[in-house]
Amino acid sequence: MKNTFSAYSIIQKKRDKEKLTKEEITWFIEGLTKGEIADYQMSALLMAIYLNGFDKDETVALTDAMLYSGKVLNFPEQYFIDKHSTGGVGDKASFILAPIAAACGVKVPMIAGRGLGHTGGTVDKIEAIKGFKTDITLAEFESLLHERGLVLIGQTSEIAPADKKIYALRDVTATIESIPLITASIMSKKLAEGAKGIVMDIKTGNGAFMAKLSDAKKLAESIRQTGLRFNKNMMTMITDMSEPLGSAIGNSLEIIESIETLKNKGPADLTELSLALAGGMIYLAGLSKTHKDGIAKAKAALDSGAALEKFRELIIHQGGDARVIDDYSLLPHTTSTYKILATKNGFLTKMDCKSLGMHCVQLGGGRQKTTDAIDFAVGLMMEKKIGDKIKKGEALVTIHCHANQMKLAAELGVMIAKKDITITATKPRAKKKLIIEVQTKFAPKKNKR
Ligand code: URA
């Protein structure tokens, strides 16, 4: 029987707070992908979803329709595990956890994103390494994954093309911050990558898209439930993003900090989070009995140097110059720095993490327009963390900039000292926990016939 749907009636139904059927949602997304639904109709539906919500069934139906708008890979064995972060400032954990997990026997298919707003992108950062190819075909991606156990590429138009269209519309129609829309956007891409399990790092705090913990919890629940409905093993970790992760913000600087961490000389918070996420991947892969045992295995791979060697292998097999591991001067770098000094004694109690991320974008380390080229060399090094005792005259931040950017650096310096970093006379009562909540759910085993 031919269906009689119309874009108008589906938009009207959601506008009037009615539940959409799977068939209606599928029809709408297929129409968008084929170019038969206009952008203004999709935008109207997005706003209706933003205002009136989607329940679990509708969210799963939307995820499914977006997932099957493109190619779907399938690695059904339990040891194929993917990881995703909702994005933060200075978040370079993927470069550490992926080689750790791969060194422990997990197969890691990573299709990562580019920078978005104030958050940096894994693909932009790895491209700071000369020659590293992130635009290989899906066929090359699959064969590298089987042979090497670890591969890292950028989004391809073959994976979830509906998300690309929808995301671009959400970005300009004020419909980004919607839990069902974020769930479907992230999960359609992650499910298409075919891994059997997914570890999701959901950031909360002033540098995250989900600034409020209550929203981060709702997103975690929605992502877990959607993953389970697609028979995936799921771990969600809610982690703090009220200060940058580690010290480095900016592409080359973050690669250096990642290599230092793989050499076991990295910042404590970045090391802790990378081990927890890698341990989660090992656990979901069935290669440890508990998450705690997974973390112990991850730590052993870091301590032995096996993870660093896996990272070297990744660079070599994707055409990059692996000499950067031993010689950081081979990475793009600036010749000038500008130090921001503390103007009083006290304790660092608060940072505006989002604003610090935006300063890096302004220096050229991220894009203000999609067509902008990235400057890999520039960035910020945070010299202090929340809770640290501060002495007047000490460096709070070092800006890595080019000689012709000293005026901009000085202007950013004023903003950072006045607004982005708060120093108080008394020590903050308790520092926020880095890892706030971990929940794991294994998909029910399929009944044997
Ligand atoms: N990341 C995504 O891929 N999609 C969203 O909607 C938000 C963050």
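Lysine 203 (K203) is buried in the predicted model, with a relative accessible area of 1%, where buried denotes under 20% relative accessible area, exposed over 50% and partly exposed in between (1.4 Å probe, protein chains only). K203 is located in strand β4, which spans residues 197-204; helices (H or I, at least four residues) and strands (E, at least two) are DSSP runs, numbered from the N terminus. The side chain of K203 forms a polar contact of 2.8 Å with that of D201 and another, of 3.3 Å, with the side chain of T239. A polar contact is a pair of N or O atoms within 3.5 Å; within protein, one must be able to donate a hydrogen and the other to accept it, and residues adjacent in sequence count only if both atoms are side-chain atoms. Apart from neighbours within four places in sequence, the residues in contact with K203 (heavy atoms within 4.5 Å) include S85, T86, D91, M210, T239 and L273.

The model is predicted; local features require pLDDT of at least 70, side-chain atom pairs count only at pLDDT 80 or more, and totals for chains, interfaces and linings use all residues. Residues are numbered from 1 along each chain as its sequence is written, and side-chain values use heavy atoms, with hydrogens and water left out.

In helix α1 (residues 7-15), the buried residues are A7, I10, I11, K13 and K14. These residues lie on the same side of α1, because they cover an arc of only 160 degrees around the axis, the arc being that of the directions from the helix axis to the C-beta atoms. The buried residues of α1 pack against α2 (22-34), α3 (39-52) and α4 (56-67). Just after α1, K17 adopts a positive phi of about 65 degrees.

Oxygen atoms of the ligand lie 2.9 Å from a polar side-chain atom of R170 and 2.5 Å from an N or O atom in the side chain of K189. A nitrogen atom of the ligand is 2.7 Å from an N or O atom in the side chain of S185. Taken alone, the ligand exposes 240 Å², of which the protein buries 89%; accessible areas come from the Shrake-Rupley method with a 1.4 Å probe, and for residues only the protein chains shown count as cover.
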